[in-house]
Amino acid sequence: MRTISIINLKGGVAKTISAANIAHILATRHGKRVLLVDNDKQGNISKMFGLHGYDRPSVADILTEREPDMEEIIAPSQYGTLDIIPANMSLLKANFEALLDAARPQQTRLRAALGRVAGEYDYCVIDCAPDLNISTINALAASHDALVPIKIDKFAFDGLAELKEQIDSTREDLNPDLALRGCFVTSYQNNEVCRQGEAWLRAQRDYPVFGAHIRRTEKVDESTFANTPIVEYSPRCGAARDYLALVSEYLGGTSDSDTSGAKGGK
Ligand SMILES: Nc1ncnc2c1ncn2[C@@H]1O[C@H](COP(=O)(O)OP(=O)(O)O)[C@@H](O)[C@H]1O
Ligand SMILES: [Mg+2]
């Protein structure tokens, strides 16, 4: 199982939209077995897939339970080989609990839990919160690839240096397999600001950038109200085609047969 964190310290940059659609495309268009982890207390992924609530276990249990029951925590989605680990506000308390409980490793609990189901999936996609808390550090410690969605605006590059620093230190301290695989521009519009912002990003050396960017289209907003992934909701819209291209580009650069690095159990 190869694990991907969708991460940016900023909110509203399309982390959740990207995590949901990348996971859905990997499962439905590439026939992969995919586990999508909602790692944000907002629970937006869980809401999209009709799995938000407080009467079932969630990702919070992975942070707090000594032996989380993964069979109970993982829920099937309506899309074949795509399964979901949901989240809700209890993740807030779980972060505090994990922070106070230093009796066992605090940063590798998600990795250990995912390691136990690594044989059952080809990919795991983690939707992160715009934060560097215990949850996001657990996500980075569990991941091979960090993918960074960027929405070009005045503050687009704020926090990017801090994120890179966190990725580098996580690689050094916890997870030698972690790489910043690439940034990609979201909500792209064919205007001067987007063109210049993307050109700047492509010109610098610190952050690899995917060739694909995701065009802004109202269909994406509509798809969230319909709780439907974009390639199902509007297969011909720009954003659907762009997410398909992004996933193909990602897969093109990744050894498809790489199941060796089931992070976890380390
Ligand atoms: N390609 C796009 N075109 C139009 N709207 C988009 C696009 N991508 C994301 N959005 C909108 O931007 C908002 C933030 O997206 P979201 O994925 O929730 O961001 P984050 O998880 O980073 O906070 C949502 O309302 C979403 O519908
Ligand atoms: Mg989000």
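## Around ligand 1

An oxygen atom of ligand 1 sits 2.8 Å from a polar backbone atom of isoleucine 17. That is a polar contact, meaning a pair of N or O atoms within 3.5 Å; within protein, one must be able to donate a hydrogen and the other to accept it, and residues adjacent in sequence count only if both atoms are side-chain atoms. Threonine 217 puts a backbone N or O atom 3.0 Å from a nitrogen atom of ligand 1, and an N or O atom in the side chain of aspartate 221 is 2.5 Å from an oxygen atom of the ligand. On its own ligand 1 would expose 560 Å², and the protein buries 81% of that (Shrake-Rupley areas with a 1.4 Å probe; for residues, only the protein chains shown count as cover).

In total, 15 residues surround ligand 1, with Gly12, Lys15, Thr16, Ile17 and Asp221 the closest (a residue is near if one of its heavy atoms lies within 4 Å).

## About the model

This is a predicted model, where local features need pLDDT of at least 70 and side-chain atom pairs pLDDT 80 or more, while totals for chains, interfaces and linings use all residues. Residues are numbered from 1 along each chain as its sequence is written, chains are lettered from A and ligands numbered from 1 in the order written, and side-chain values use heavy atoms, leaving out hydrogens and water.

Strand β2 (residues 34-39) is largely enclosed by the rest of the structure, because six of its six residues are buried. Buried here means under 20% relative accessible area, exposed over 50%, and partly exposed in between, with a 1.4 Å probe and protein chains only. Val34, Leu36 and Asp38 point one way from β2, while Leu35, Val37 and Asn39 point the other way. Helices (H or I, at least four residues) and strands (E, at least two) are DSSP runs, numbered from the N terminus.

Two strands pair up here: β2 runs parallel to β4 (residues 82-85), joined by four bridges, and parallel to β5 (residues 123-128), joined by six. Pairing takes at least two DSSP bridges between the strands. Valine 34 has leucine 82 as its bridge partner in β4, and leucine 35 has cysteine 124 in β5.

## A covered helix

Helix α7 (residues 134-142) is mostly covered, with nine of its nine residues buried. At its start, a side-chain oxygen of asparagine 133 comes within 3.2 Å of the backbone nitrogen of serine 135.

## Salt bridges

The whole structure has 12 salt bridges, each a side-chain nitrogen of Lys or Arg within 4 Å of a carboxyl oxygen of Asp or Glu. Arginine 181 and aspartate 145 form one of them (3.5 Å, N to O). Arginine 181 is in β7 (residues 179-186) and aspartate 145 in β6 (residues 145-151), so the pair ties together parts 36 residues apart in sequence. Aspartate 145 is buried, at 0% relative accessibility.

Arginine 215 and aspartate 242 bring their closest N and O atoms to 2.8 Å. Arginine 215 is partly exposed at 32%, whereas aspartate 242 is buried at 8%. Lysine 219 also bridges to glutamate 222, at 3.8 Å; being three residues apart in helix α10, they are separated by about one helical turn.
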